Amino acid sequence: MNEHGHGDHDSHDHHDDHDHGHGDDGNDSHDHHHAHDVETLGVAVVTVSSSRSIDEDTAGDALVDAFEDDGHEVTVRELVADDFDGVQSTVNRLVDRDDVDAIVTSGGTGVTPDDVTVEAVTDIAAKTLPGFGELFRRLSYEEIGARVVATRSMAGIVDSTPVFCLPGSENAARLGAEEILVPELPHIAGLAGRE
């Protein structure tokens with residue numbers, strides 16, 4: 001155990017190209033680490049809702065604005081009902097598209113019986129990225145306090161494509177996109193799609 005009580009972080013496998021920016025010369029080699037970044041992402045924005053239309057989709061609008069303002073392209077914008085099979089088939093169809101580097105869903109991450117986005121995506125994800133949900137909830141806590149415990153936001157890799165599941169509120173979409181996805185998604189998409 002180290003002084004933080006979390007075990008030794010330095011004992012993990014260093015063959016994953018995760019050098020934290022420290023090259024052999026001791027100088028910052030972050031440029032090498034980010035060599036696989038996708039410069040301009042093609043992003044699919046999928047709203048999961050049985051009660052909203054695209055015209056009323058302020059969360060989806062916030063996601064589109066965040067990505068386009070940063071120079072990325074929203075190549076797909078869809079609305080799908082709160083339905084396990086519908087969400088899963090939509091994600092499976094989108095990961096096969098050449099113009100989709102990442103998928104961001106909005107909605108279906110709560111605790112009502114029809115909130116099934118997390119289950120649908122987790123079921124087909126080869127890997128999950130627990131740090132996304134942890135960080136999103138930490139940032140959300142500053143806005144909504146303890147209500148954040150009902151937020152099940154998650155991320156995973158489906159067929160080499162990152163999929164991020166955000167709550168359906170405009171504030172949540174803006175927070176997740178601006179604070180986490182816009183800065184980190186080019187790097188994650190580049191690593192996930194690497195041969």
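These are my notebook entries on a predicted model of one protein chain.

**Ground rules.** I number residues from 1 along each chain as its sequence is written. As the model is predicted, local features need pLDDT of at least 70, side-chain atom pairs count only at pLDDT 80 or more, and totals for chains, interfaces and linings use all residues; side-chain values use heavy atoms, with hydrogens and water left out.

**Confidence.** I looked up pLDDT, the predictor's confidence in each residue, from 0 to 100. Its mean over the protein chain is 87, and 82% of the residues reach 70 or more. Over residues 1-32 it stays under 50. For that stretch the model has 21 contacts (heavy atoms within 4.5 Å) beyond four places in sequence. I note that where pLDDT is low, the predicted coordinates should not be read in detail.

**Whole chain.** I found 6 helices and 6 strands. Both are DSSP runs numbered from the N terminus: helices are H or I with at least four residues, strands are E with at least two. Along the sequence they follow the pattern α-β-α-β-α-β-α-β-α-β-β-α. Of the 195 residues, 45% are buried. Buried means under 20% relative accessible area, exposed over 50%, and partly exposed in between (1.4 Å probe, protein chains only).

**The sheet.** In what order do the 6 strands lie? I read β2-β1-β3-β6-β5-β4, an open sheet with mixed pairing. Two strands pair if DSSP finds at least two bridges between them. β2 (73-80) and β4 (127-128) stand at the edges with a single partner strand each, so one side of each has no neighbour in the sheet. Strands β3 (residues 102-106) and β6 (residues 161-166) run parallel, joined by 4 bridges. Ile103 stands opposite Val163 in β6.

**Helices on the sheet.** Helix α3 (residues 84-95) packs on the sheet and touches β1 (42-48), β2, β3, β5 (154-158) and β6. Its direction makes about 160° with that of β2. Helix α6 (residues 170-192) also packs on the sheet, touching β3, β5 and β6. The direction of α6 makes about 165° with that of β6. Axes are lines fitted to C-alpha atoms, for helices over the stretch in contact; angles run from 0 to 180 degrees between N-to-C directions.

**Asp123.** Is Asp123 buried or exposed? It is exposed, at a relative accessible area of 53%. Beyond its neighbours within four places in sequence, Asp123 is in contact with Phe84 and Gln88. Gly156 is 33 residues from Asp123 in sequence and 9.9 Å away in space, C-alpha to C-alpha.
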